[in-house]
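Let's take a walk through a protein model together. Keep the picture open as you read, and look for each part as it comes up.

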There are 2 protein chains.
Amino acid sequence: MTPFKLTEELLVEIQQLISEEAHDQLREMLTEFHYADIAEIVNDLEIEEATYLIKQLDSEKTSDALTELDEDVREAILGNLSPKEIAVELEELDTDDAADIIGELPKSIVQEVISEIDDREHAKDIVDLLRYDESTAGGLMAKELVKVNENWNVLTCVKEMRIQAENVTRVHSIYVVDDEDKLKGRLSLKDLLTTSTRANIRDVYINKVDSVNVNEKPEEVAKIMSKYDLEAIPVVDEIGRLVGRITIDDIVDVIREEADKDYQMAAGISQDVDSDDSIWELTRARLPWLILGLFGGAAAAVIMGGFEEMFKAYTILFLFTPLIAAMAGNVGVQSSAIIVQGLANDDIKGSISNRLIKEMLLALLNGFILSILLLLFTWLWKGDLMTSIAISISLIAVIVVAGFIGTFVPLFLDKRGIDPAIATGPFITTSNDIFGILIYFSIAKLILGL
Amino acid sequence: MTPFKLTEELLVEIQQLISEEAHDQLREMLTEFHYADIAEIVNDLEIEEATYLIKQLDSEKTSDALTELDEDVREAILGNLSPKEIAVELEELDTDDAADIIGELPKSIVQEVISEIDDREHAKDIVDLLRYDESTAGGLMAKELVKVNENWNVLTCVKEMRIQAENVTRVHSIYVVDDEDKLKGRLSLKDLLTTSTRANIRDVYINKVDSVNVNEKPEEVAKIMSKYDLEAIPVVDEIGRLVGRITIDDIVDVIREEADKDYQMAAGISQDVDSDDSIWELTRARLPWLILGLFGGAAAAVIMGGFEEMFKAYTILFLFTPLIAAMAGNVGVQSSAIIVQGLANDDIKGSISNRLIKEMLLALLNGFILSILLLLFTWLWKGDLMTSIAISISLIAVIVVAGFIGTFVPLFLDKRGIDPAIATGPFITTSNDIFGILIYFSIAKLILGL
């Protein structure tokens, strides 16, 4: 397979065909394209062009392409479609994707769009899904699945399965429920095919099946599915009834988004932005953290101002403030990143105090090595041993405190149920800058006997 | 399902049973456990206890548990097993997992382990896989798959499939090859079941199938599979022959590892460490970046030393060096993070110069807002308007340059084929610290006419 690559030429060609309203040619040209590739093309078109293209192509293909579009592009295109046209697209989608799209529509047209969906069963399933919070397993699951009743025999089961499987892209597993729809177990296709058609499901099914509660967090579902290498997992409600199914492709998206979010937090970027967003959106995501940094810097300036009387005799102390701030920041980020990642991967065991002691030892070791290097440098540079020693000892103290803050803050936030990822990046570097400079000058002052 | 939770009590109970050598009880107790849960338990045992446990349980369960263990634990346990015992474990594993484990064994016993594998076909497949570089699709794929020849009829095909499917945990797709084993397409199970048994495969298969080259990078495979929502993808060699198959569970691991790696790079942690590693391992991963930061700080000190004559008249300039360094660092990290993430997600389109212009505009906007705030602060604090203006104008320049470096460096590295992620974190903060301070003092000096 040569992977699809969206070239400038291809884009121009498509735009040309759109401006000529050459729908037959367009349709013929794009019929072989995967919906994910069509989404890539549509993302790069003007909204009017994109709307035209979506209207021309079969809803079977465009519906899936819609789900893959950038959110702002999708919103703009749907704004150009009538409720009926939107309903036609939703008709083709799995219930989870359809519910996600409805969730993005303006409230005023939701009612009308839903009433235009011809398949009432499908509409009912979508409406059910709208009830669930986006950040739960319920908000992630689809209604499409294959389930059979434990009281059926194999023959009935196979018949029913055929009907249900029509609507399910990938079957994965056949779930077994009781008369109250409670999840009892699963059925292997192999067993089903090698058993007498008169046998009862009750006697052949496997009464062990992993499932998640409808209120479970998506990150937890992702952990369970990737730990147990599952490609689909059934979702049950508070009283154990089978209400939906989550498939691995949705979980791959969850994992990617989680990783992107943590990474952006660590880099001081709030909100989900990407490089193609407008300057205004990018500014809004970045400015708050920069302002935090500015306040931190102002606080550091005020602290240093308090040590102004040391300027004359110990100018050298002031030359090393960027170094102290940088080391405090780096150590803090390293410590917090390890903790945040460990928490995300469920790797953090044992008590907070053990963790802190370990981090202190680590900081002492690093601090000692770095201080020796700094001592040699300052001594050789300025020739003043006492001041060099003062600076180096201060550095050790700064590093130990920075390690402590970097470890303690995310663990503390996590215990309080706050996302520890906010403790990485600018937050930790800013507070460590301030503490670092305060500690540095205080200890240096003490040692130099000022 | 109540998710498995490894409690202290459970661990103590298992250790007790191991010390009593109560193998029947152990086996009975653990038989219901998932191999991923057994791996979690084994990770927390002493190596002797772990070895005992692995030897007691069925290789059907322990082999999969072995693949889920922490690398150092697995290495220690395998060191306690004989080549024959290792071979028995490998016999149960899919070829990709078996090859991964062999790749970790000491070279001296590899030969013997392989010769102890009873299933010679399995051994041959494993040996084939050992040829591929770990960081390619070949190093990721398994040999287990279901393939049929285009020249067979449906009847032969179904017979052959039954035999092949025995060794394949999840079938996903049936691949169609020609007499030279070249991948031609795929078959849907549905079509197969609804076609006459006399029909030729040639006439019923779908001659379109996504595939990847055996030399493709794992990150690329991950992108393709998640873009097209694939659960498995066939792997072909240089002349198009079907040589293996990659499944989504392996790709989930690739995505996680990539995200972890980028995150650690941004936080200044080299090598793959986690919070439970030893202090020595953690120091080795963190110290290099800290030493880099130390050198940067020393360079900044030398630069500031060059402006020492300004100390007396403009002490305030020196009070703001931590602020300048922090802003330069933060802006650099923000810019580089957006670029690195965009590159990882294939979101970066258009030319480098357009990207740089956009980043400059963004930096100007942010810089302007931040400078106004800083101007007000310094003016109110010290009452010296001219110096306040000098500091604020310098800040704008520093932010624009920091944004430029943060954008240009990762794009440049990427063009040269170097992982741009190394340009995030300490590398960018350290160089921005140095440039920032140099620019700050130079511009201030110019404006204040010194």
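This is a predicted model: local features need pLDDT of at least 70, side-chain atom pairs count only at pLDDT 80 or more; totals for chains, interfaces and linings use all residues.

Residues are numbered from 1 along each chain as its sequence is written, chains are lettered from A and ligands numbered from 1 in the order in which they are written, and side-chain values use heavy atoms, leaving out hydrogens and water.

Start with the labels. An unreviewed UniProt entry puts "domain: CBS" at residues 141–204 and 205–261 of chain A; such annotations may be inferred rather than shown by experiment. Residues 205–261 of chain A are 42% helix and 23% strand, with end C-alpha atoms 41 Å apart. Helices here are DSSP runs (H or I, at least four residues), strands are too (E, at least two), and both are numbered from the N terminus. The unreviewed entry also marks "transmembrane region" at several stretches of chain A, including 361–381 and 387–413. Residues 361–381 of chain A are 100% helix, and their end C-alpha atoms sit 30 Å apart. Residues 387–413 of chain A are 100% helix as well, with 39 Å between the end C-alpha atoms.

Now hop over to chain B. Which residues of helix 15 of chain B meet helix 16 of chain B? They are Pro218(B), Glu219(B), Val221(B), Ala222(B) and Met225(B), and across from them are Ile248(B), Ile251(B), Val254(B), Ile255(B) and Glu258(B).

Zoom in on Met225(B), which is buried at 0% relative accessibility (buried means under 20% relative accessible area, with a 1.4 Å probe and protein chains only). Among its contacts beyond four places in sequence are Ile246(B) and Ile251(B) (contact means heavy atoms within 4.5 Å).

Ile246(B) leads us to the largest nonpolar core, which has 130 residues; Ile246(A) and Ile246(B) have the most contacts inside it. A second, separate core of 79 residues includes Ile316(A) and Met304(B). A nonpolar core is a set of buried Ala, Val, Leu, Ile, Met, Phe, Trp, Tyr and Cys residues joined through side-chain atoms within 4.5 Å.

Conventions
Buried means under 20% relative accessible area, exposed over 50%, partly exposed in between (1.4 Å probe, protein chains only).
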